Amino acid sequence: APTLGEDLSASSSSSSVEISGLLSTAKMSGCSHTPVLSSDEILDEVQSLKQHQWQQRSITEWTSQQVARWLTGLNLDQHIPEFTAKNIDGEQLLQVDGDKLKSLGVTSSQDRSLIKKKIKDLKVLMEKTRRNQEKVEKKREKLRKRELELQQKKDACKESSTE
């Protein structure tokens, strides 16, 4: 037996645009005929941002262990003991400069420049995360307003249909 999709395309010469048009009309809800914005889509977006935040848990909140993991990620494990001994956490990591690195025993200029470059990247990332958070807040605010409006329309709909 042909599948529903094949059946539709074989038996009708109507274009797929019309079919998808019919489907979306069928999906519209309520008497207001306003397509409902799927809050799932927005939730997905918020969720992925949250995951990103978790991975990028604000650098300022990093413990010295997380700084050590970060050094491991840069293949600079040899510097972990010094960083840990001086209890360098995320907040301090962001303040680190060339002199501070020398005092932490990072004698190789290559290593120093790599660390400085990566710290700069972290700062850029923090800024992006902050801006994203602001975007998410604005989206949430819009959503709340939209949901309120939809709720009011639905309520108005119900009242007119019960009379």
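Seven salt bridges are found in a search of the whole structure, a salt bridge being a side-chain nitrogen of Lys or Arg within 4 Å of a carboxyl oxygen of Asp or Glu. The structure is a predicted model, in which local features need pLDDT of at least 70 and side-chain atom pairs count only at pLDDT 80 or more, while totals for chains, interfaces and linings use all residues. Residues are numbered from 1 along each chain as its sequence is written, and side-chain values use heavy atoms, with hydrogens and water left out. The protein chain has eight helices and zero strands; helices (H or I, at least four residues) and strands (E, at least two) are DSSP runs, numbered from the N terminus.

- Side chains of opposite charge can pair when their charged atoms come close.
- Asp121 and Lys117 form a salt bridge through their side chains, at 3.5 Å from N to O. The two residues are four apart in helix 8, so about one helical turn separates Asp121 from Lys117.
- Asp121 is partly exposed because its relative accessible area is 33%, and Lys117, at 48%, is partly exposed as well. The classes are buried (under 20% relative accessible area), exposed (over 50%) and partly exposed (in between), computed with a 1.4 Å probe and protein chains only.
- A salt bridge also links the side chains of Arg130 and Glu134, with an N to O distance of 2.6 Å. Arg130 and Glu134 are both in helix 8, four residues apart, about one turn of the helix.
- Arg130 counts as partly exposed at 39% relative accessibility, and Glu134 counts as partly exposed at 40%.
- In the salt bridge between Arg144 and Glu141, the closest N and O atoms are 2.8 Å apart. Both residues belong to helix 8, where Arg144 and Glu141 are three residues apart, about one turn of the helix.
- Arg144 has a relative accessibility of 44% and therefore counts as partly exposed; Glu141, at 37%, is also partly exposed.

**Nonpolar core**

- The largest nonpolar core has 20 residues, of which Trp70, Phe83, Leu93 and Ile115 touch the most other members. Such a core is a set of buried Ala, Val, Leu, Ile, Met, Phe, Trp, Tyr and Cys residues joined through side-chain atoms within 4.5 Å.
- At least two residues of this core come from each of helix 4, helix 5 (80-85) and helix 8 (109-162). Helix 4 gives the most to the core, with four residues.
- Leaving aside residues up to four places away in sequence, Phe83 touches Val67, Leu71, Ile88, Leu93, Leu101, Leu104, Val106 and Ile115. Contact here means heavy atoms within 4.5 Å.

**Aromatic pair**

- The count comes to one aromatic pair. Trp62 and Trp70 form this pair, which is tilted, with 6.4 Å centre to centre and 55° between the planes.
- Rings of Phe, Tyr and Trp (its six-membered ring) pair if their centres lie within 6.5 Å; planes under 30 degrees apart count as stacked, over 60 as edge-to-face and the rest as tilted.
- Trp62 and Trp70 are both buried.

**Individual residues**

- Gln66 lies in helix 4 (residues 64-73) and counts as buried because its relative accessibility is 16%.
- The side chain of Gln66 reaches the backbone nitrogen of Thr63 at 2.9 Å.
- His79 is placed in the loop between helix 4 and helix 5 and counts as buried, with 8% relative accessibility.
- Residues up to four places away in sequence not being counted, His79 touches Leu71, Gly105, Val106 and Asp111.
- Ser113 is in helix 8 and counts as partly exposed at 41% relative accessibility.
- The C-alpha atoms of Ser113 and Leu101 are separated by 9.7 Å, the two residues being twelve apart along the chain.

**The chain as a whole**

- Of the 163 residues of the protein chain, 21% count as buried.
- Among contacts between residues at least 6 apart in sequence, 60% join residues at least 24 apart.
- The protein chain exposes about 12,100 Å², of which carbon and sulfur atoms supply 53%. Accessible areas come from the Shrake-Rupley method with a 1.4 Å probe, and for residues only the protein chains shown count as cover.

How values were computed:
Polar contact = N/O pair within 3.5 Å; in protein donor to acceptor, adjacent residues only side chain to side chain.
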